[in-house]
Amino acid sequence: MSRRNCWICKMCRDESKRLPSNITLEEVLQWGQSFEKLMATKYGPVVYAAYLKMEHSDENIKFWMACETYKKIASRRSRISRAKKLYKIYIQPQSPREINIDSSTRENITRNIQEPTQTCFEEAQRIVYVHMERDSYPRFVKSEMYQKLLKTIQPNNS
């Protein structure tokens, strides 16, 4: 998501910019209620990813989203290919976007990467979810970005 093209970034830089009309005040308010509600909405994960990118810590949400896509892959061949790609980007030590997971989870994935199942990244995804929920989500709710979103959307829906 390029900063130049991101509607969220444009909105945060210029308060006169409008949000997409299908984002509701109700949805944005739900994001502040719980991390689970944020992740369950259509635009929540996108806005949260933009926030994490501005914090230079978006590897967790990118991994989480990639796992959601990975779990839907039916073809064994495609699953093997995608699993190896996810491993190289997020799991392998010193990888470009290495996520923070414990060594036993990392070793488990490393052992199973040759014949990956649809659930082979499940534990790592759970760990990353907990990291986001406990660490960056509370900062997101207090962030200038989220507060601007609330301020910008309220006049649109009153």
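Student: Which helix is Glu 123 found in?

Tutor: Glu 123 is found in helix H8, and since this is a predicted model, what I say about it describes computed coordinates.

Student: Is Glu 123 buried, exposed or partly exposed?

Tutor: Glu 123 has a relative accessible area of 38%, and because buried means under 20% and exposed means over 50%, Glu 123 counts as partly exposed.

Student: And how far is the C-alpha atom of Glu 123 from that of Ile 109?

Tutor: Their C-alpha atoms are separated by 9.2 Å, with the two residues lying 14 residues apart along the chain.

Student: What span should H8 have, given its number of residues?

Tutor: Helix H8 covers residues 122–142, which is 21 residues, so at 1.5 Å a residue it should span 30 Å, and the 29 Å between its end C-alpha atoms agrees with that.

Student: Where does H8 bend?

Tutor: The bend is at Ser 136 and comes to about 45°, with a proline, Pro 138, following within four residues. Ser 136 is also one of the buried residues of H8, which include Tyr 129, Met 132 and Phe 140 as well.

Student: What does Phe 140 contact, apart from its neighbours within four places in sequence?

Tutor: Phe 140 is in contact with Trp 31, Leu 38, Val 47, Tyr 48, Tyr 51, Met 145 and Tyr 146. In the largest nonpolar core, which has 44 residues, Phe 140 is among the four that touch the most other members, together with Tyr 48, Ile 91 and Phe 121.

Student: Which element gives the largest share of this core?

Tutor: That is H8, with eight residues.

Student: Changing topic, what is the overall make-up of the chain?

Tutor: The protein chain has nine helices and zero strands, and of its 158 residues 43% count as buried. Among contacts with a separation of 6 or more, 62% are between residues 24 or more positions apart.

Student: Where is the confidence lowest, and where is it highest?

Tutor: The lowest mean pLDDT, 52, belongs to helix H1 (residues 7–13), whereas H8 has the highest, at 97. Over residues 1–5 the pLDDT is below 50, although this stretch has nine contacts in the model beyond near neighbours in sequence. Where pLDDT is low, the predicted coordinates should not be read in detail.

Student: And what is the average over the protein chain?

Tutor: The protein chain averages a pLDDT of 88, and 84% of the residues score at least 70.

Note on methods. Residues are numbered from 1 along each chain as its sequence is written. This is a predicted model: local features need pLDDT of at least 70, side-chain atom pairs count only at pLDDT 80 or more; totals for chains, interfaces and linings use all residues. Side-chain values use heavy atoms; hydrogens and water are left out. Helices (H or I, at least four residues) and strands (E, at least two) are DSSP runs, numbered from the N terminus. The expected span of a helix is 1.5 Å times one less than its number of residues. The bend at a residue is the angle between axes fitted to the seven residues ending there and the seven starting there. Buried means under 20% relative accessible area, exposed over 50%, partly exposed in between (1.4 Å probe, protein chains only). pLDDT is the predictor's confidence in each residue, from 0 to 100. Contact means heavy atoms within 4.5 Å. A nonpolar core is a set of buried Ala, Val, Leu, Ile, Met, Phe, Trp, Tyr and Cys residues joined through side-chain atoms within 4.5 Å.
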